[in-house]
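Look at the model first, then read the notes below.

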Amino acid sequence: MCDGVRITDTSDLWWKSAVIYCLDIETFHDSDGDGIGDLGGLARRIDYLAELGITCLWLMPFYPTPDRDDGYDLTDFYGVDPRLGTLGQLVEVIRTAHDRGINVIADLVINHTSDRHPWFQASRRSTSNRYREHYVWRSTEPPDTSELVVFPDREDSIWERDERTGEWYLHNFYKHQPDLNLSNPEVVDEILRVVGFWLELGFDGFRVDGIPFLEQNAKNAGDTGLEVDPHELMRTIRSFLNRRTGWSMMLGEVNLPHEQQLAFFGGDAADELQMQFDFIGMQATYLALAREDAGPLVTALQERPTIDATCQWATFLRNHDELTLDKLTDGEREEVFAAFGPEPEMQLYGRGLKRRLPTMLGGDPRRIRMAYSLMFSLPGTPTLYYGEEIGMGEDLEADGRMAVRTPMQWSAGRNGGFSSAIPSRLVQRVVPDGYGPEHVNVVDQMHDPDSLWSFIRKLISIRRTCPELGWGTWTVLDQPEPRVLVQRCSVEGSAVITVHNLGADPVTVDVPVDPDDAGLEAVDLMAEELVTGGPTTRIALEGYGFRWLRVRPAGDLAIP
């Protein structure tokens with residue numbers, strides 16, 4: 001899990017105890033009525049995020065773009081798309097967030113650009129121009145690479161022939177997203193300038209996109225002579241960050257086996273990524289929920305490699321992408337599909353889901369709250385995707401990953417309070433039917449103490465009082481019920497014990513609180529009351545029930 005550490009010695013490692021919130025500016029709030037969310041709208045909602053308890057805001061791409069891949073096809077690393085606002089407005093957002101104690105990180109897209117980027121426009125003009133080597137070209141016809149494509153419904157190869165020079169360029173994603181040549185020192189230097197630029201404007205770090213493809217590029221490039229060491233690249237960027245600020249963070253999208261993830265943390269040197277998403281833990285969570293058996297999640301957590309004390313896992317149940325299940329076996333994946341996405345229109349490419357959690361769990365409020373409590377209780381840094389706090393659903397009629405990129409639902413009014421534009425002008429329609437704004441919105445839930453929003457806010461508040469979950473030593477406590485997960489995180493003489501029932505039926509378990517008779521007692525953090533003093537406490541859980549217990553010296557009122 002993580003090596004022992006004194007919190008007081010490393011208080012600058014803010015990401016260890018953060019609560020991250022990811023949003024897409026164009027679908028969050030529209031301030032000028034053109035149907036597209038913008039920076040002015042986001043600035044108005046920073047106080048909302050602060051009230052929710054968020055401490056780190058992750059902005060999906062806001063760069064100039066043709067918007068053929070939701071902004072990940074950028075044409076300028078140094079700008080803001082005019083649809084969203086200006087650099088000045090972005091600085092206002094960052095400043096306002098900082099004033100509220102919220103750090104801000106940006107998506108760093110280094111694997112590819114749009115084919116409309118000036119570099120690529122120059123690159124394709126001739127085989128000898130200075131930008132030719134900014135991308136990966138080959139003069140000989142490539143072999144069949146249909147098995148390597150990421151989007152098999154759109155592409156049949158990772159190479160595209162360019163008519164002007166008669167050569168082929170590499171694109172691991174769409175053909176309109178040519179891959180950068182990251183073995184070219186000029187490209188790496190430009191990436192560092194990009195990083196430095198956004199740091200100067202106030203960003204606190206970056207979510208680094210598509211890292212597994214950096215590792216695959218050299219293999220996929222065939223006989224082009226491309227030699228990319230993704231670890232050297234990560235070390236180079238990390239070293240630059242350390243020189244420029246000393247507190248900035250890199251959060252990597254690294255959906256790889258644990259051994260390879262450990263390498264991207266930098267191993268013993270811890271000189272690459274500070275954070276990585278726990279894709280394996282996320283997928284195991286869904287398998288555990290489908291089976292109503294904690295076993296798969298326990299196995300995934302126990303198999304996490306030990307990482308440096310300065311590093312961290314990011315836990316999540318949903319992100320902006322497809323909900324990938326690629327690390328499960330075929331049989332396990334079919335179990336999750338059967339439980340949470342049985343219809344073909346709910347699935348993507350046979351490997352993932354295009355649904356949000358509330359719809360997957362049938363809208364059962366007990367199960368939804370248990371799932372979020374479980375995610376927040378896992379060792380690591382919890383990450384929310386916008387709208388999760390109110391239980392937004394998806395639009396299954398939207399194309400692919402866009403199903404979960406619908407406008408934020410602020411009120412029950414027209415367009416869910418997202419925009420004053422006529423509905424036909426919206427960047428994307430709001431969620432229809434039973435999860436639409438008239439049923440699910442911020443205004444109603446903020447005024448309802450029993451709403452999901454109020455629960456998530458309380459959960460965040462409790463999580464922020466439990467540094468053990470970000471810093472501590474994690475163990476599973478033995479008990480005979482396979483549907484129940486009892487875990488303990490301890491650091492500096494304090495501990496948090498969480499108990500979750502993944503099953504629909506009630507259950508009672510004995511939880512060891514003070515097995516060494518050290519004079520400890522347990523306080524229920526949800527109910528804010530003393531549970532027990534003594535070696536063991538009996539916990540009765542309803543179906544999908546959960547408890548959070550603070551373990552403290554008996555009678556020590558100084559520790560909540």
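**The second largest pocket**

The lining of the second largest pocket consists of three nonpolar, two polar and 11 charged residues. Here Ala, Val, Leu, Ile, Met, Phe, Trp, Tyr, Cys and Pro count as nonpolar, Asp, Glu, Lys and Arg as charged, and the others, Gly among them, as polar. The 16 lining residues include Arg68, Asp69, Arg154, Tyr174 and Asp399, which lie nearest the centre of this pocket. Its volume is about 270 Å³.

This is a predicted model, in which local features need pLDDT of at least 70 and side-chain atom pairs count only at pLDDT 80 or more, while totals for chains, interfaces and linings use all residues. Residues are numbered from 1 along each chain as its sequence is written, and side-chain values use heavy atoms, without hydrogens and water.

**The largest pocket**

The largest pocket has a volume of about 670 Å³. Among its 30 lining residues, Val150, Phe173, Phe213, Asn255 and Arg351 are the closest to the centre. By class, the lining has 10 nonpolar, nine polar and 11 charged residues.

**Cys311**

Cys311 counts as buried because its relative accessibility is 1%; buried means under 20% relative accessible area, exposed over 50%, and partly exposed in between (1.4 Å probe, protein chains only). Leaving aside neighbours within four places in sequence, Cys311 is in contact (heavy atoms within 4.5 Å) with Lys16, Phe265, Ala270, Leu273 and Gln274.

The C-alpha atoms of Cys311 and Val443 are separated by 37 Å, and these residues are 132 residues apart along the chain.

Terms used
1 Å grid on protein atoms, 1.4 Å probe; cavity = no way out; pocket = protein on both sides within 12 Å on 5 of 7 lines; lining within 4 Å. Points joined across faces, edges and corners; volume = space filled by probe spheres on them.
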